[in-house]
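Here's a quick briefing to read with the model open.

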Amino acid sequence: MSVEIKICGLSEPETLRAALDAGADVVGLVSFPKSPRHVTLARAGELAALARGRARIALLTVDAPDALLAELAAAVRPDILQLHGAETPERAAELKRLYGAEIWKAVPVATAADVASADAWAGVADRVLFDARPPKESPLPGGNGVAFDWSLLASLDPRRAFVLSGGLDPENVAEALAITRAPAVDVSSGVERAPGAKDPERIRAFVDAVRNG
Ligand SMILES: O=C(O)c1ccccc1NCC(=O)[C@H](O)[C@H](O)COP(=O)(O)O
């Protein structure tokens, strides 16, 4: 089966189109004001309208309050809610009920125990997204362009619905897939020319590296 590709942190129509044209399966919109990839409510709605029907849309939030989530969900109509904060399984289940979207829960990984902690999300998260632990000085819980030790995932059942994330790029994704046999990959910094500025050429190179090694 082909590996699912998510390009995250798209914030401009031009680069969103590049991701869609390259064949991304999922496009991610970040609502987190400290992020260089943050999109306003209006921009999120505009980008979602461009993507709808061509790729699934992931809305990424970090402990967003109810009122903001309701506004974002109305504007974006996300297929996926990707949670990067301290959400509990109960909160995630509530959001799934409210918005009828898949839940992808980011789990930061540095050790085997971190990977095992993902079991707490069984039956609640449709996917666990294994991401690197953010560097101490980073204001961002994700999107830091940092990889973790991929061998920590090597014994996971590839039939399990997980997403490999963190520090992937066109140059390393084939090796990451060979080690983890991940059914899906997620990238942000690795397809940028500067923080928040996606590079269409690197987006195409990433998709090509996943599809063709
Ligand atoms: O991308 C951001 O700026 C961001 C901000 C706040 C929470 C999460 C964020 N990104 C999460 C993602 O889904 C990234 O794609 C994932 O962490 C991988 O990022 P990268 O290592 O830069 O490829």
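For the class counts here, Ala, Val, Leu, Ile, Met, Phe, Trp, Tyr, Cys and Pro go down as nonpolar, Asp, Glu, Lys and Arg as charged, and everything else, Gly included, as polar. By that scheme, the ligand's shell comes out at 14 polar, 10 nonpolar and 3 charged residues. Bear in mind that this is a predicted model.

**Around the ligand**
- There are 27 residues around the ligand, and those that come nearest are Cys8, Ser35, Gly142, Gly143 and Ser189.
- Strand S2 (26-31) and strand S8 (184-187) are the elements that give two or more residues to this shell.

**The H1 and H7 pair**
- Helix H1 (residues 13-22) and helix H7 (residues 200-212) have axes that come within 9 Å and cross at roughly 25 degrees.
- On the H1 side, Thr15, Ala18, Ala19 and Ala22 do the meeting, while H7 brings Pro200, Ile203, Arg204 and Val207.
- Sorted by class, that H1–H7 contact has 6 nonpolar residues, 1 polar and 1 charged.

**Proline 78**
- You'll find proline 78 in the loop that links helix H3 (66-76) and strand S4 (80-83).
- Proline 78 counts as buried because 23 other C-beta atoms lie within 10 Å, and the cut-off is 20 or more.
- Leaving out residues up to four places away in sequence, proline 78 touches Ile57, Ala58, Leu59, Ala73 and Ala101.
- Leucine 60 is 18 residues from proline 78 along the chain, and their C-alpha atoms are separated by 9.5 Å.

Notes:
Residues numbered from 1 in each chain as written. Predicted model: local features only at pLDDT ≥ 70, side-chain atom pairs only at ≥ 80, totals over all residues. Axes fitted to C-alpha atoms, helices over the stretch in contact; angles between N-to-C directions. Helix = DSSP H or I, 4+ residues; strand = E, 2+ residues; numbered from the N terminus. Contact = placed C-beta atoms within 7 Å. Near = placed C-beta within 6 Å. Buried ≥ 20, exposed ≤ 12 C-beta atoms within 10 Å, placed from the backbone.
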